[in-house]
Amino acid sequence: MRFTTLAVVVDNRAREGFRSCWGLSLLLTGDKTVLFDAGPSGEELLHNLSLYGQNPADIDLFFLSHSHVDHSGGLRALQDAGFTGDVIMCDRTLSSGDRERTAEQGLQQPGMGLIAIRLESGGLWEQSLLADTPVGRVLLVGCAHPGLKRIWEVACTQEIPFGVVGGFHDAEPFPDLGQARLLGPCHCTKQREAFRKDFPSSFLDLAAGDRIRLDSEAL
Ligand SMILES: [Zn+2]
Ligand SMILES: [Zn+2]
């Protein structure tokens, strides 16, 4: 299973027509449709999904990076709007719902094209997602609370990802990120300008409403 586009659905900033709010939601499309995080509420999530022409009922899988409300708050509205797919929760103790799975349970099928990287930091578990695309693996991070460098190092034990997109929180640029061909710091990233300055050729200035094609190297 491979993914060919990545769309920013919810972000702190938005292009014209899209709604912005403090939160993150990313949409992977290709052989399957996967929503990574849901933003803080259904309002922005459902509005922005509709601008992409994405019906919640056609989303196959929801993957939650961590329990903070700016990532999880829109899930209920997504389900109310018709989403019935599996929910990959971050915590091993699942609260409710027969569609809830852990990454170990839900991403194990061969050919799934998705790998979860689950790390703990100060009692908070966060999982990042490696998704197979025609240009290589793309790493999606929620807030990178365990540290972007730590997540990147774990990701690289498999293969060097083509790129990394999501909330980098307070991470500073580090030399190994020069291996990435696509760098999309958004949401809670504090050092966006430092990433732009240090990695000008891979930096992408992302906001809700941006869609990246991952099916060719000419990005
Ligand atoms: Zn967070
Ligand atoms: Zn966040």
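Colleague: How many of the 6 residues of strand 9 are buried?
Modeller: This is a predicted model, in which local features need pLDDT of at least 70, side-chain atom pairs count only at pLDDT 80 or more, and totals for chains, interfaces and linings use all residues. Residues are numbered from 1 along each chain as its sequence is written; chains are lettered from A and ligands numbered from 1 in the order in which they are written. A residue is buried with 20 or more other C-beta atoms (placed from the backbone) within 10 Å of its own, exposed with 12 or fewer, and partly exposed in between. Strand 9 is largely enclosed by the rest of the structure, because the number of its 6 residues that are buried is 5.

Colleague: What is the bridge partner of Leu130 in strand 9?
Modeller: Helices (H or I, at least four residues) and strands (E, at least two) are DSSP runs numbered from the N terminus, and strands pair if DSSP finds at least two bridges between them. Strand 8 (residues 124-133) and strand 9 run antiparallel, joined by 5 bridges. A hairpin of 2 residues connects strand 8 to strand 9. The strand 9 partner of Leu130 is Leu139.

Colleague: What is the hand of the β-α-β crossover from strand 9 through helix 5 to strand 10?
Modeller: Strand 9 and strand 10 (residues 163-167) run parallel over 4 bridges, with Leu140 opposite Val165. The chain passes from strand 9 through helix 5 to strand 10. A crossover is right-handed if, with the strands pointing away from the viewer, the path from the first strand over the helix to the second runs clockwise. By that test, this crossover is right-handed.

Colleague: Is Ala144 buried or exposed?
Modeller: Ala144 lies in the loop between strand 9 (136-141) and helix 5 (148-156). Its phi is near 55°, a positive value in a residue other than glycine. Because Ala144 has 28 C-beta neighbours inside 10 Å, it is buried.

Colleague: What is the phi of His187?
Modeller: His187 sits in the loop between strand 11 (182-186) and helix 6 (192-198). His187 is buried, because 28 other C-beta atoms lie within 10 Å. Although it is not a glycine, His187 has a positive phi of about 45°.

Colleague: What angle does the direction of helix 1 make with that of strand 1?
Modeller: An open sheet with mixed pairing has 7 strands in the order 6-5-4-3-2-1-12. Strand 1 and strand 2 pair antiparallel over 6 bridges. Axes are lines fitted to C-alpha atoms, for helices over the stretch in contact (C-beta atoms placed from the backbone, within 7 Å), and angles run from 0 to 180 degrees between N-to-C directions. Helix 1 packs on the sheet, touching strand 1 and strand 2, and the angle with strand 1 is about 135°.

Colleague: What separates the C-alpha atoms of Arg213 and Thr4?
Modeller: Arg213 belongs to strand 12 and is partly exposed, because 13 other C-beta atoms lie within 10 Å. Arg213 and Thr4 are 209 residues apart along the chain, yet the separation of their C-alpha atoms is 6.0 Å.

Methods: Two residues are in contact if their C-beta atoms, placed from the backbone, lie within 7 Å.
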